[in-house]
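Please walk me through this structure. I would like to follow the chains, the strands and a few individual residues.

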Protein chains: 2
Amino acid sequence: VKWISGERGCHRAGVSNSGSVMMRADWTEERSRPAIAHLLAPRSVAIVGASSDPRRIGGRPVHYYRQAGFAGRIYPINPNRDEIQGYQAYPTIESVPGPIDLAVIAIPAAQVAAAIEQCARKSAKAAVVFSAGFAEIGPQGTVLQREVLAVASRYGVRLLGPNCLGLFNARIGHFATFSSFPESGLPLPGRVGLVTQSGAYGTHVLMQARARRIGVNIWVSTGNEVDLDVATLIEALAGDADTDVIACYLEGVRHGPTLLRALGAAHAARKPVILMKVGRSAVGAEAAASHTASLAGSDAVFEAALGSYGVERVETTERFLDLTYAASRARLPRGNRLGIVTISGGAGVLMADVAEAEGLEVPPMPIAAQRRLLAANPLGSPRNPVDVTGQALNNIDLVRQHVAAVFEDATYDCAVGFFTAWPAVSTLGPKLQSALREGTQGRAERPMALVILAPPDIAQAYEADGFLVFEDPSRAIAALGGMVRLSVRLNAQPRRPPPARATAPLLPQRPLSEVEAKLLLSRAGINLLPERLVGSAEAARDAAAALGCPVAMKIVSSEIAHKTEIGAVVLDVASPDAAAAAFGQLIAALARAAPHAQTEGILVSPMVKDGVEVILAAKNDGVFGPVTMVGIGGIFVEILKDVVLRVGAVDADEAQRMLKELKGYALLAGTRGRPAADLDAAAEAIAAFSAYALANAGRFESIEINPLVVRPRGHGAVALDAWIVPAMPAGGGSNQA
Amino acid sequence: VKWISGERGCHRAGVSNSGSVMMRADWTEERSRPAIAHLLAPRSVAIVGASSDPRRIGGRPVHYYRQAGFAGRIYPINPNRDEIQGYQAYPTIESVPGPIDLAVIAIPAAQVAAAIEQCARKSAKAAVVFSAGFAEIGPQGTVLQREVLAVASRYGVRLLGPNCLGLFNARIGHFATFSSFPESGLPLPGRVGLVTQSGAYGTHVLMQARARRIGVNIWVSTGNEVDLDVATLIEALAGDADTDVIACYLEGVRHGPTLLRALGAAHAARKPVILMKVGRSAVGAEAAASHTASLAGSDAVFEAALGSYGVERVETTERFLDLTYAASRARLPRGNRLGIVTISGGAGVLMADVAEAEGLEVPPMPIAAQRRLLAANPLGSPRNPVDVTGQALNNIDLVRQHVAAVFEDATYDCAVGFFTAWPAVSTLGPKLQSALREGTQGRAERPMALVILAPPDIAQAYEADGFLVFEDPSRAIAALGGMVRLSVRLNAQPRRPPPARATAPLLPQRPLSEVEAKLLLSRAGINLLPERLVGSAEAARDAAAALGCPVAMKIVSSEIAHKTEIGAVVLDVASPDAAAAAFGQLIAALARAAPHAQTEGILVSPMVKDGVEVILAAKNDGVFGPVTMVGIGGIFVEILKDVVLRVGAVDADEAQRMLKELKGYALLAGTRGRPAADLDAAAEAIAAFSAYALANAGRFESIEINPLVVRPRGHGAVALDAWIVPAMPAGGGSNQA
């Protein structure tokens, strides 16, 4: 699907013939070209507020288009000039002779809406708005921003920005940006697409990417995201035939489902997504929210939402660049087995440590290979890490032999080699390079990273041989670890939402009692104890007799929060008579502690003494909608915050995976004398719970079952207590899909 | 204490006068100079096996001494040459005219012992042995190594190596090394001492240190450490007046107490130690042990041992270099409050995130300062992160104002500034530099790191103004985090061993029953329940009556491991009669399950139902000696591995700190309805336990109390069960201090 034209030739043909008619013909033929293609690969660009000064905001894109040799039409709009930086200028948008694919707008905020309208009348389907002074400065800017969006929507113009640094598509010399980056040279050729919410930081990353020899072909800074957001652009890059790797810097997500759809598209296209999202910390989240005027959402929910896509989230810019570098230059490993070749034992140990931390295995070499290598190099260590030692200085062929042994034995999915500054030593470098090239012949499907200290030209020579080049061993291993994780995720199917199930009626939008909440959850498929609400001592006696003793008894009242503290709960009631007595005791406690509280009665239920207590909770995330949380009750949730989240509904298989991710899973699986819990029943309850939450998206603040007692295998799982807080009319949770 | 001479002048004086007599005079006067001074700052060096080829192992040090202009005497020893690389050569060690301070030995392993003996006869007090072929190659090498050590010991010669790359002291041009590092240029001047167990990796680090503009004055590679080890050299650097920062790369520790003494010396001298120890992972530890032929020890124990010294352990070479760079160029911050100034909101968010992860606070600016800055820069964010925004491009003075505000308000202990590639922009860079210089005037005691992309000469200009320079924001913050941690530790007193306490008799070296173990621990100060060992049903009835019911009863036999499983434990025995019955039941169970087991009787003890179960355990670490572990029983230890370690004995205060470090501490402190436990009693028990373990260093395999029930505050802590496994005569644990 190559709907973004990457061939300069096409454009050149249009221009080499006589101008606007030809362009118009193209336009007519491609009426169905999506607006985003106009943004990423326009054939004609109007620059509104164009400047003759190549250092000014309105002058930079003109300068860059000229430098890059953009083959489409450039229409600088400036009422005071006939010519701008070598291009014919036009006094008004109306005066442009042909159609406009893309409007680049660099004029004061108050004039932007009108300019968009005029460009739309010249057929523009997309606009890049550099101008600041919109939502990011407060209420009056927000009004202007709404106006701009309204005009754009009316004319079907897609907007990038406002308050953004624009974009470039280096393949076609399209530089609709005022980022300072292109001033210091064009990007290197390559197949990486980079989308960033921060223009300044995105520029910083671009500079470092070029220094790291990463070729970024498309770069987009999304600014205020009044229309096109990071998600839309990821989806566009997923469909771009000239992009292999998608890198993304995020501060906040506007709409979770759109992002997930985009990640799904990238997954389907088998394109890894390397994603850096800041705002994890409290101070950071606050700063991000004020900086981008976006919803903060929960970072934990964001992380959970990524789970099943081909995405690696990284925390530092170095990792962001390292993994982008590796993924854009080498194939993803098939598995996680790492061969380590080193000329320093110390570096070997260091790399083995990092490998473990990154989830890579360092399995020993086959015994036969070890024997062969020991015979050739008695002072070496052929196990893995494979230590050639300084002996290689005397006989560089040892490097070839050891590296070849690692690749021949097909034990390893990827490899790393530590050769410090040897490549830069004139007497040694060329011999080392040959040895490595020969040792790895025919192994292109298995990536090998080299850790070397060498000037760029030498490093590039190794890259030309297919090696990944790093200066730091930890970073090399971390990048391989990221590659393996991407490989695993891209080879798995992303999680699909389970088929909708018939569930309980929609939540009413009014306060619910515990009994009502349980009734709803029961109709949603959650098992409850056979409990009874009673209003007299007699009824309590009958209930205890019917349910079988011992029973638990408690006051049901939505006005009493901490029941245990006021004596509103009695456990282990041993007989029907004791139940009758307990009724009186509870009524007395209520009269003492909360004489005016409304109560629905006393709930009598069988005691459950076995099982593991699990907590289920659902919240409406502002960005991703209903989220289900599972934790193990008591210490694990309270002290260790040991919880697992999923966005949307899960099926029973996924619910089992959630349970397995808990740190306290061993408690459920059964350990040292504890019986295994009924995991199937627990999973079924989680699935039903999450389906109910999703069906009620936007209608609740929180739904909680605490505890769900998961009894020993074969005995099921029952909810002992539940609360539902419906969303009140004025409340949140209204921005769901 | 400047016992390593750092002045070239002294040496030059010796040489500019007429030669050997002068040197001999010096020698006589300084007979008391310690051997390590001969190693680090020799006045005369014999190079045994010197070569005319500057690329050979025996030729390199000669070449480097010549290049560096070493002012002392160089005596190349080579029977075939009169002159080597411009120095007069000597056919034998005997023929050297003057005394020899230091012997550098580059001849085959079998000849090393004899060479050391000959050098010793010429007064050498230290020798650097490059030669390989010793313990690292197996048993026959180990024999040679012992021989070398025996000769050296006999003559009082201290040895560096064998199988090491040597050392340098750049201040005096002393380059007793065949590392390839000096080939590419001399080290930069500076006050960092770097000790490394890996020569090759140590060389790699040196190359990167120079690229990072870190001045390493002393570098030592310790190789097989037959005599001088990393610890000795850290201690030497702690006493060297020209070294401010000690950096150390470790693979294995030979003797824990020596290392701790060295770290104590560095702490006393207020010199930060930046330490990288590899071998954390299973594969890594195995590779390290085989590579260095050192004891593996436990990495967790190593980490615990560092706890109270001025040491920061880092995991990657980048962090190692970053923190060494920062600590050698800036003062340590007084506290952990960080001010963030940025021209990119995105970078500000990113840095706030890293700050939280590094334990740095990012407190908001004082309101008055925020108001003032907002007035000057309405589009900025003055809260912290302080975002100047791109507005600084129009008015660079905004940078001065914002930075000055951060430093004026005295709220912050350190600061970071993000200015991307601005310093490298010719129209902007000089103005930015002035703004930063003016904004930070008079703040030298508070470090500020700048994140900039600039060529080395520009970066150096900022360094000359006192700024730390980084390219990556995460690394900048991580380095500041490391500085803060070093500052906190250096300002605290290192933990001192508590005064020895009278404790129980030494452990017998034979198997002990549970009753014997408890008795010993009781005499060591651990509280037990008032329990009774009984041999009849009658005695059981009496015991239950005397102790008060309910009681617990169990079979005491060292031959039965899993008592619960065979029914050898009865809990909650409600009356004296029931105790008599339970006696019969236990005897029957024993007869069924283990008819031939030796038993000491049945133990009757009161039931304890309240309290939190804590586990105490002591092991003999092969490197550091007795180590005490504390954990919370059940899930926490079994599933979460939530344990805290200390090396040696702890006092009650330290024991309280151990408890506070547990993830499950909240259980002890009391949470939601749980009473606070008797922490004082628990701490006293831990102190007594650790003192007993230390007193029995080498005499046990393990000592364990499981559980120690820590009852509610005021009710004490009692050991319910205990096991001691004494060290058997042939067993381990013999290499204690």
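Predicted model: local features only at pLDDT ≥ 70, side-chain atom pairs only at ≥ 80, totals over all residues.

Begin with chains A and B. Chain B superposes on chain A by a rotation of 180 degrees, with 0.1 Å of shift along the axis and an RMSD of 0.1 Å. The two copies are thus related as by a two-fold rotation axis. Both copies use the same surface: 100% of the contact residues of chain B recur in chain A.

Now turn to a sheet in chain A. Strands of a sheet pair through backbone hydrogen bonds, either parallel or antiparallel. Here the pairing is parallel, in an open sheet of five strands with the order β2-β1-β5-β6-β7. At the edges stand β2 (73–77) and β7 (158–160) of chain A. Each has a single partner strand, so one side of each is left without a neighbour in the sheet. From one strand to the next, the twist averages 20 degrees. Look at one pair within this sheet. Strand β1 (residues 44–48) of chain A joins strand β5 (residues 102–105) of chain A through four bridges, in the parallel sense. In this pair, A:Val45 stands opposite A:Leu102 of β5(A).

Strand β24 (residues 612–621) of chain B pairs with β25(B) over eight bridges, in the antiparallel sense. The two form a hairpin, with three residues between β24(B) and β25(B). B:Val614 has B:Ile632 in β25(B) as its bridge partner. Strand β25(B) also pairs with strand β26 (residues 643–647) of chain B, again antiparallel, over five bridges. There, B:Val627 is bridged to B:Val647 of β26(B). How much of β25(B) is buried? Eight of the eight residues of this strand (residues 625–632) are buried, so β25(B) is largely enclosed by the rest of the structure.

Next come the cysteines. A disulfide is a covalent bond between the sulfur atoms of two cysteines. The structure holds zero disulfides over all chains. Take A:Cys119, which is in no disulfide: the nearest cysteine sulfur, that of A:Cys164, is 15 Å away. A:Cys119 is buried, with a relative accessible area of 1%.

A:Thr222 lies in the loop between β11 (216–221) and α8 (230–238) of chain A. Is A:Thr222 buried or exposed? A:Thr222 counts as buried, because its relative accessibility is 0% and the cut-off is under 20%. Its side chain makes a polar contact of 2.8 Å with the side chain of A:Glu225. Beyond its neighbours within four places in sequence, A:Thr222 is in contact with several residues, among them A:Leu160, A:Cys164, A:Val195, A:Gln197 and A:Leu233.

In chain B, B:Asp413 sits in the loop between α16 (397–408) and β17 (414–420). B:Asp413 counts as buried, at 2% relative accessibility. What does the side chain of B:Asp413 reach? It reaches the backbone nitrogen of B:Asn336, at 3.1 Å. Leaving out residues up to four places away in sequence, B:Asp413 touches residues including B:Pro333, B:Arg334, B:Asn336, B:Arg446 and B:Pro447.

Methods. Residues numbered from 1 in each chain as written. Chains lettered and ligands numbered in written order. Heavy atoms only, no water. Buried < 20%, exposed > 50% of the residue type's maximum accessible area, 1.4 Å probe, protein only. Pairing = 2+ DSSP bridges. Disulfide = S-S within 2.5 Å. Least-squares fit on C-alpha atoms with pLDDT ≥ 70 in both. Contact = heavy atoms within 4.5 Å. Axes fitted to C-alpha atoms, helices over the stretch in contact; angles between N-to-C directions. Polar contact = N/O pair within 3.5 Å; in protein donor to acceptor, adjacent residues only side chain to side chain.
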